[in-house]
Amino acid sequence: MAEPPRVVGLNVGGHIYTTTLYTVTQYSDSKLGKLFSLESQVPRDQKGNYFLDRDGVLFKHVLNFLRTKKLILPDDFQDFEQFEIEAAFYGIKPLEEEVQNAKKNRKLISSGPEILRLFYSSKTQLVLAGGLAVIQRLVPNVRMLGGNVLSGSAYNFKTNDKIVEGGQAKVPIKLEQLDAFLQHVVDEGFEVKMSTFFLDGHASQAWGFRFSFNSTRLMRMDEVQEFPSIIDVNVGGNVYTTSLASLTRFPDSMLGVMFSGRRPVAKDSRGNFFIDRDGPMFRYVLNFLRSSKLNLPDNFQEFDQLAEEADFYQIPRLIEALKKIKLSSTVGRNQVIRITLDRDKHGLETLLTVFAEKLILQEIFHGYDCICSPLVFSFDKEQADSSTTAILQEITNYGFEVMTSLSHPEDKSINEWFFLRKRKTNIPNS
């Protein structure tokens with residue numbers, strides 16, 4: 001059985017974190033990586049935790065970046081100046097860039113879906129393309145192998161509300177090494193979804209992979225790990241006590257696979273099973289496993305981080321519940337919809353445009369692509385009146401009331417309506 005990574009405790013400005021030595025040395029060229037490459041020189045506190053005299057609150061985001069290669073901040077995060085100082089101190093260049101981008105754009109940066117495209121040719125050798133974080137996880141030693149990773153804006157895909165961060169890795173391996181690399185990709189949890197062979201004289205082949213926890217390598221029967229019925233789990237330094245039944249409520253989830261005994265689970269110095277993820281967020285995950293309900297505080301702001309955790313644990317019902325509660329959270333305040341109706345002078349076409357927040361459009365117009373606002377409908381002369389009436393009726397069905405309606409003073413073919421949905425005091429959480 002493979003040895004689990006070594007678990008270490010960190011005291012950062014009085015805040016205690018638990019992680020692995022592998023995580024804190026992800027970037028070996030960074031100041032943090034170099035510091036722990038000679039860990040004997042790092043001071044310890046009275047409880048044996050490695051001590052860093054830095055901002056303990058912001059280190060949470062540093063550690064999550066090391067774990068996931070993504071920077072995900074709360075919606076109300078404002079402490080960018082201090083975060084820039086912390087990122088510069090640790091010398092993690094990708095983190096410094098992400099902090100600067102987040103400060104400038106205030107947009108969610110995503111590494112993209114767990115999809116991978118792989119191409120091999122004896123002429124070009126091995127090329128991997130996909131989400132940047134996926135590539136970095138598969139070949140963290142690509143430069144030691146003589147290859148490189150290409151990334152940047154040219155490889156990113158921009159949508160209305162996020163940037164999917166992509167990249168390509170070029171790895172100089174020989175044809176006889178290819179099967180071993182494909183085995184490595186499968187062992188990491190990827191399933192082949194497509195494969196193609198080209199008769200071009202260069203042994204060219206292409207594959208498409210998608211990540212799946214169901215493809216996790218099964219251990220031999222004599223390797224299966226046994227777990228007690230009551231389990232102490234250390235998640236990023238926060239210790240939770242729960243039942244094996246709760247953790248395995250969804251067998252196909254990451255937790256279900258982890259605690260099925262089919263893969264080794266690391267332990268901390270006190271014997272607790274260890275998961276290197278965001279500790280405070282796990283409280284909501286665990287409560288959902290216990291009750292099948294997602295309950296969040298009224299002032300909860302870290303939807304994106306919780307969504308990242310739900311995606312990591314691969315619990316579809318939790319992911320869906322989070323989408324619903326995020327949608328319902330917008331109902332906790334007054335909401336406005338503006339509609340304009342524009343008929344051309346010949347009466348041949350009518351354009352109806354709905355202006356509202358994206359979540360409101362998604363709530364009302366389920367069957368339409370509500371990626372961005374506004375949402376535009378086009379009707380011919382025969383459909384215009386009935387279709388406009390149907391849309392206005394649908395909006396009122398969702399609790400909106402007409403505040404005012406206007407006609408353009410110079411062009412009577414233009415009409416405008418404002419709808420209001422007043423704040424609700426009781427919002428269901430799931």
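Modeller: A cavity is a set of points, on a 1 Å grid over the protein atoms alone, where a 1.4 Å probe fits but cannot get out. Its volume is the space filled by probe spheres set on the points, which are joined across faces, edges and corners. The model is predicted: local features need pLDDT of at least 70, side-chain atom pairs count only at pLDDT 80 or more, and totals for chains, interfaces and linings use all residues. Residues are numbered from 1 along each chain as its sequence is written, and side-chain values use heavy atoms, with hydrogens and water left out.

Colleague: How many cavities of 30 Å³ or more does a search of the whole structure find?

Modeller: The search finds one, and the volume of the largest cavity is about 30 Å³.

Colleague: What makes K31 part of the lining of the largest cavity?

Modeller: A lining residue has an atom within 4 Å of a point, so K31 meets that condition, as do L32, L35, L52, F89 and Y90. Two elements give two or more residues to this lining, α2 (31-37) and α4 (80-90). The most come from α2, with three residues.

Colleague: Why is the second largest pocket called a pocket rather than a cavity?

Modeller: A pocket is an open set with protein on both sides within 12 Å along at least five of seven lines, whereas the probe cannot get out of a cavity. The second largest pocket has a volume of about 1100 Å³ and a lining of 35 residues, with Y27, P94, L132, Q136 and R143 nearest its centre. Elements giving two or more residues to the lining are α5 (93-105), α6 (132-138) and β7. The largest share, six residues, comes from α5. By class, the pocket lining has 14 nonpolar, 13 polar and eight charged residues.

Colleague: How do you know that β11 and β12 pair?

Modeller: Strands pair if DSSP finds at least two bridges between them; β11 and β12 (residues 204-211) have eight, so they count as paired, in the antiparallel sense. F190 stands opposite F211 in β12. Both strands belong to an open sheet of six, ordered β7-β10-β6-β5-β12-β11, with antiparallel pairing.

Colleague: What makes β7 and β11 edge strands?

Modeller: β7 (148-151) and β11 (190-198) each pair on one side only. Neighbouring strands in this sheet are turned by 15 degrees against each other on average, direction ignored. Helix α7 (residues 175-187) lies across β5 (115-121), β6 (125-131), β11 and β12, at about 10 degrees to β12. Helices and strands are DSSP runs numbered from the N terminus: H or I over at least four residues, or E over at least two.

Colleague: How do you know the angle at which α10 and α11 cross?

Modeller: Axes are lines fitted to C-alpha atoms, for helices over the stretch in contact, and angles run from 0 to 180 degrees between N-to-C directions. On that basis the axes of α10 (residues 279-291) and α11 (residues 303-313) cross at roughly 60 degrees and come within 10 Å.

Colleague: Which residues of α10 and α11 meet?

Modeller: Contact means heavy atoms within 4.5 Å. M281, F282, Y284 and V285 in α10 meet Q305, L306, E309 and Y313 in α11. These residues divide into six nonpolar, one polar and one charged.

Notes:
Ala, Val, Leu, Ile, Met, Phe, Trp, Tyr, Cys and Pro count as nonpolar, Asp, Glu, Lys and Arg as charged, and the others, Gly among them, as polar.
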